[in-house]
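Let's take a look at this one together, one part at a time. Have the sequence and the 3D view open as you read.

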Amino acid sequence: MMGRQVEQTRVVGTSVPRVDALEKVTGAARFTDDLQFGPDLLFGRVVRSPHAHARIVSIDTAAALQMPGVRAIITGADTPGFIGLYLRDRHILATDRVRQVGDPVAGVIASTEQAAEDGARAIRVEYELLPGVFDPFEAVQAGAPLIHPDLGSYDVASFLYPRPGTNISHHFRIRKGDVDGAFGRCDTILEDTYRAPQIQHVPIETHVAIARWEQTGEVTLWSATQSPFAQRSMIAAAMGIEPGNVRVIGNYIGGGFGCKAGVTMEGLAVAMARRVPGRPVKVRLTREEEFFCSFVRQALVAKVKIGATREGKVLALQVEYYWDGGAYTEYGTNITRAAGYSSTGPYFVPSVMTDSYCVYTNNPTGGPMRGFGMPEIHWSIEQVMDRLAEKLGMDRVQFRLLNCIREGQETVSGMTMHATGLSQCIKRVAKDIQWGEKEPPSAPHKLRGKGIAIMWKAPAMPRNAASEAWVVFNEDGTFNLGVGGQELGQGSFTVAAQMAAEVLGVPMDRVRVARPVDTRYSPYEWQTVASRLTWSMGNAVRAAATDARKQILDLVGRCWGETPADLDIRNGEVISYKSERSVGLDKLVICGLSMPGDRELIGGPIMGRGRFMPTYVTDLDKETGQGTHGMVHYTTGAEAVELEVDTATGQVEVLRVAAAFDVGKAINPELVKAQIEGGVVQGMSSGLFEALRLKNGEPLNSSFVDYRIVTTLDAPQEIITAVVETAQDDGPWGARGVGEHTMVPTAPAIANAIYDAIGIRFNEMPLTAEKIYLALAHKA
Amino acid sequence: MATHSITLTVNGAKEQVDVASNWTLLQLLRDRLALTGTKNGCSAGECGACTVLLNGEPVNSCLVLAVEADGANVVTVEGLAHDGQLDPLQQAFIDEGAVQCGFCTPGMLLSARALLTRNPHPSEREIRQALVGNLCRCTGYARIVRAVQKAAG
Ligand code: FES
Ligand code: FES
């Protein structure tokens with residue numbers, strides 16, 4: 001692959017402060033629930049199924065309708081249309097049957113929150129219970145209760161393959177090389193099963209949506225969403241209205257991590273608003289609802305068989321993934337696909353057979369969560385690699401360096417791997433964690449260990465996932481940058497502003513990101529998911545700023561009789577290297593310029609536009625999962641952990657984490673490091689604490705008291721971050737995404753370090769103190 | 001529901017308001033006084049997003065009844081800056097990159113403010129202990145702890 005010229009930059013590559021920081025530390029930043037609607041505002045409350053699988057026999061709303069403050073009630077009859085991102089398999093309100101605890105059955109619209117809640121309690125729903133299925137492996141067996149008998153009639157994306165008459169909503173296959181033959185040539189073969197439970201994203205801001213149905217038939221939806229544009233099209237399709245009549249306004253989001261992608265509860269607000277035209281209706285999930293009524297991370301059962309030669313070369317891999325997609329798999333199906341086409345992890349394996357199944361169960365609905373399947377599959381891959389290294393008597397770092405994927409090698413899906421700094425990342429974290437040196441534990445009852453895990457992840461999205469951007473100016477020469485991607489905390493507005501400032505030759509304080517994102521006024525952005533904004537939206541921003549810059553230089557060149565090549569923009573002024581003339585942007589970006597001698601006025605308002613779409617992405621073959629360019633690129637990285645296990649309590653203390661990711665180009669290095677730190681801690685939280693405990697589909701721990709996430713006292717004191725930069729051909733300044741990747745290797749790195757410390761392997765997350773304590777007791 | 005007339009000082013301004021007896025201080029601040037900087041993350045005293053200072057002490061305002069604040073002095077995130085001058089904690093949060101989505105930030109700032117007022121030079125351990133009730137899902141906490149250390153000077 002061609003080497004890339006390193007460009008000189010002034011703003012790109014520097015750690016400017018976040019553009020939203022001042023608003024956020026003063027309490028001025030507006031989140032969706034902060035918007036004020038005055039006494040007009042009505043409140044919606046959702047009646048949810050207490051059963052995991054049941055037929056709805058009747059819904060009696062008469063008593064509720066008589067209650068003070070109750071304005072209207074909606075039921076499934078109001079929302080007959082199907083909704084879903086890749087597979088339209090759900091209704092906004094359940095129609096004939098409920099498939100999970102928490103499935104919405106009715107909605108009450110009332111003048112106060114209390115009245116809505118009282119109304120909801122007064123609705124009587126009669127159910128006829130149906131047998132449920134709660135394990136994905138059981139759900140694929142013959143005779144399992146069928147959760148979606150109409151699967152065959154659902155609309156589905158062309159790259160998904162549901163199997164009507166079963167609970168399998170997608171089956172992704174890799175058939176690469178002669179796997180049986182390759183296993184025959186292996187000296188060592190390992191086989192095992194790994195499990196990851198459902199967990200929840202736990203944004204500190206719960207889902208909230210406010211909808212107002214205008215008298216004109218237009219509907220405005222204010223929502224805490226990663227996907228204003230996808231919500232526009234999905235809700236329009238489900239409700240049988242024109243997408244242009246749906247306007248979605250997305251304010252700042254108090255954390256998303258995937259659960260605010262696509263549509264989960266927002267359609268409810270819209271359906272309620274239709275009953276009370278002109279009045280805004282707010283629906284806000286309680287913390288309890290947040291745990292199981294939007295998306296959870298899908299549980300996974302992973303069966304892995306892997307073989308290597310005695311020299312340590314991995315030759316063959318066979319995996320089966322059973323994804324617990326839950327009651328609806330409209331989004332989860334694509335996680336199954338992404339997991340399948342990345343199923344080797346960041347390794348070169350010549351022969352691979354993968355079957356990745358997305359399976360309906362009566363558990364909470366699975367959906368995208370930071371990593372999009374990668375944390376779950378790397379949980380198995382990275383432990384199996386460790387065990388293989390041990391069996392072969394090889395060092396775990398050396399074994400990874402020997403097998404990790406390199407530029408020019410063929411990936412599991414048949415793409416030629418692009419330039420990647422993966423081995424640099426591995427070496428870097430090994431050095432930072434002082435691999436091979438063992439410090440004594442801090443107390444006699446503690447044991448100390450080190451572990452490593454590596455990762456890869458490609459953005460998972462359809463190939464027509466597009467980005468647009470625009471640049472328009474103000475009279476003072478400042479400009480407004482239009483983007484449709486959301487600011488979830490990752491810093492997307494800041495890096496977008498940096499890119500535009502870079503191209504247009506102005507200081508950062510001359511750029512204002514046009515916010516909130518509003519589908520009526522903002523440029524299109526598919527969704528803020530897949531860690532794709534810096535790369536995809538960044539390409540659009542760069543193009544828009546370049547377009548504006550060209551118009552400006554052409555205009556000034558024409559006026560001055562110079563060629564644009566001799567002109568530049570510096571610090572908000574157009575300058576000529578040839579004639580040494582200069583003119584401020586404020587003099588020309590709106591009102592144009594006068595030609596010499598005042599003969600004529602030329603120019604006018606400058607407006608730059610840009611777009612990007614990865615048109616070069618190819619399909620993957622249905623039978624073999626092979627294609628020449630099935631995904632845009634892979635971001636790679638590594639993490640190493642040092643920890644102590646308290647043998648008296650089973651408690652794990654993570655002492656240090658070293659992390660290195662190849663981001664292509666860090667547009668803002670401190671923001672990259674902040675992503676890494678946050679991802680490491682979220683990964684640690686999932687590895688040590690988190691599981692949504694389900695009993696026949698019923699969540700047992702949907703509160704912060706019972707579902708623990710990492711606090712200040714659990715978080716590691718030291719996270720050593722390193723940024724590797726191997727430029728990406730299709731990225732702006734060589735950048736590729738990094739937000740999600742940072743949590744992918746943490747949990748397996750911790751598991752590997754725990755093994756190093758106590759000599760016990762655990763196949764199922766999370767590694768709670770209780771689990772470790774019991775294992776230690778059993779061993780002793 | 002009975003209502004009560006209460007008087008309290010919020011960010012230095014005297015307010016007289018009628019509140020229902022079951023209203024929380026969080027509801028009063030957000031829904032009546034439109035001070036929406038204070039966030040609601042759980043309504044159950046478990047996340048710290050709603051932290052404000054009540055007579056100088058950090059409280060989860062979702063657990064305090066509005067009537068209990070009668071006669072009290074309340075400080076919210078909107079009241080941290082003075083005369084256009086950010087509180088050193090606010091500046092340190094910006095400088096150290098301690099803000100991501102920003103939803104936990106107001107509560108973090110107020111818990112940290114109470115700590116520094118009580119203990120101007122806390123150790124790292126003391127900072128972590130003081131902030132243990134404030135959940136953050138984005139940052140991993142390291143930068144928040146560093147920002148508090150920096151503001152303490
Ligand atoms: S909202 Fe008060 S502690 Fe969570
Ligand atoms: S910055 Fe998002 S929760 Fe703390």
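## Two domains in chain B

Between them, domain 1 of chain B and domain 2 of chain B bury about 1000 Å², and 68% of that is on carbon and sulfur atoms. Keep in mind that this is a predicted model. Domain 1 covers residues 3-79 of chain B, while domain 2 covers 88-152. Their C-alpha centres sit 21 Å apart, and the contact draws on 16 residues from domain 1 of chain B and 12 residues from domain 2 of chain B.

## Who does the touching?

Which residues of domain 1 of chain B lose the most area to domain 2 of chain B? They are B:Lys39, B:Thr51 and B:Val77, together making up 39% of what that side buries. If you go by elements instead, strand β3 (residues 51-54) of chain B gives the most to that side, with three residues.

As for polar links, there are four residue pairs in polar contact between domain 1 of chain B and domain 2 of chain B.

## A sheet in chain A

Now hop over to chain A, where eight strands make an open sheet with mixed pairing, in the order β3-β7-β1-β14-β11-β12-β13-β24. At the edges you'll find β3 (70-75) and β24 (517-518) of chain A, each pairing on one side only.

Inside that order, β1 (residues 42-48) and β14 (residues 281-284) of chain A pair in the parallel sense over two bridges. Here A:Leu42 stands opposite A:Val281 of β14(A). Helix α3 (residues 113-122) of chain A packs on the sheet and touches β1, β3 and β7 (104-110) of chain A. The direction of helix α3 makes about 25° with that of β1(A).

Methods:
Residues numbered from 1 in each chain as written. Chains lettered and ligands numbered in written order. Predicted model: local features only at pLDDT ≥ 70, side-chain atom pairs only at ≥ 80, totals over all residues. Heavy atoms only, no water. Pairing = 2+ DSSP bridges. Helix = DSSP H or I, 4+ residues; strand = E, 2+ residues; numbered from the N terminus. Contact = heavy atoms within 4.5 Å. Axes fitted to C-alpha atoms, helices over the stretch in contact; angles between N-to-C directions. Domains from an automatic or database assignment. Buried area = accessible area lost by both parts, 1.4 Å probe. Polar contact = N/O pair within 3.5 Å; in protein donor to acceptor, adjacent residues only side chain to side chain.
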